[in-house]
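Here are my notes after going through the model.

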Amino acid sequence: MQFNDRVAIVTGASRGIGRSIAEYLAARGAAVVAVSRNSADTAALVQQIEADGGKAMSVQADVAVAADVDAMIAAVQERFGRVDILVNNAGITRDNLLARMKEDDWDTVLDVNLKGAFLCTRAVARIMSKQRYGRIVNISSVVGQMGNAGQANYCASKSALGGLTRSNARELARRNVTVNAVAPGFIETDMTAGLAEKVRNEMLGQIPLGRFGTVDDVAAAVAFLASEQAGYITGHELSVNGGMYM
Ligand code: NAI
């Protein structure tokens, strides 16, 4: 897979899965736009990509704020003049059992995980439609497919990304813009680092491949769906979960 002359926006690129996706695409020729709430968090990533001979820029934006997203896209257009790939990766958790879940925890998670993907997709859709080329990949989750106690807000947001993916796939198909999702299982990142040993071992017991996923496992799947070679795949949710849910 090569991404020479392609411009890829990756949201939540400061660490974890988003950072790995940004590195993976940059290493294969893409100019990468690393989006984060604080551009200082992606400065090292951009430096590293440039030091390796690649192209990258860092843009500060909260994906849940429409004005931030529109300004981010305008900055990308000014620097690179096109957008070929959007990876809606930014995501958060605010876990609690249903009875204890605060309304604010519901709203915040839905705003970032779902509305953020809507706002970014809306902003790039016009550009990609005009170009007659685009690849959009949403990062959902295995728990959006299975459900998970204590994560009603998170699971609802990730499940709804499936509906967003399929609707946008139908709407943008005529313009040669594909829209797919990658649903990771349990991946070793900051988001999962805090789990108790007992919970981790219980999870491991549910994974047929017998290991947790790595950020590179997810990045490779995203890169495939973002490649030219995946041009006849749209509206699909690709599981990267070691067989945890099938
Ligand atoms: P992480 O917490 O390590 O990284 C999330 C990134 O999103 C960070 O860079 C953070 O700054 C950014 N972000 C959060 N809110 C933002 C906002 N409003 N605007 C812009 N950026 C924002 O998480 P991780 O594990 O790398 O997860 C990445 C994606 O993968 C998320 O969507 C997550 O839900 C999903 N995922 C992760 C799994 C895992 O096991 N780690 C499993 C399934 C899905």
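1. Let's start with Arg-82, which is partly exposed at a relative accessible area of 28% (buried is under 20%, exposed over 50%, partly exposed in between, with a 1.4 Å probe and protein chains only). Its side chain meets that of Asp-84 in a salt bridge, 2.7 Å from N to O (the term means a side-chain nitrogen of Lys or Arg within 4 Å of a carboxyl oxygen of Asp or Glu). Asp-84 counts as buried, because its relative accessibility is 0%.

2. Before going on, the ground rules. This is a predicted model, where local features need pLDDT of at least 70, side-chain atom pairs count only at pLDDT 80 or more, and totals for chains, interfaces and linings use all residues. Residues are numbered from 1 along each chain as its sequence is written, and side-chain values use heavy atoms, leaving out hydrogens and water.

3. The structure holds eight salt bridges. One of them ties Glu-188 to Arg-200 at 3.2 Å, N to O. Glu-188 is partly exposed at 39%, while Arg-200 is buried at 15%. Also worth a look: shared partners join Arg-6, Arg-82, Asp-84 and Glu-228 into one network of salt bridges.

4. Arg-19 and Glu-23 form a salt bridge too, with the closest N and O atoms 3.1 Å apart. The two are separated by about one helical turn because they sit four residues apart in helix H1 (residues 16-27).

5. Now the inside. The largest nonpolar core has 42 residues, and Ile-9, Val-33, Met-72, Ile-73, Val-76, Val-124 and Ile-136 have the most contacts inside it (such a core is a set of buried Ala, Val, Leu, Ile, Met, Phe, Trp, Tyr and Cys residues joined through side-chain atoms within 4.5 Å). H4 gives the largest share of this core, nine residues.

6. Asp-5 lies in the segment before S1 and is exposed at 69%. Arg-132 is in the loop between H4 and strand S5 (134-139) and is partly exposed at 45%.
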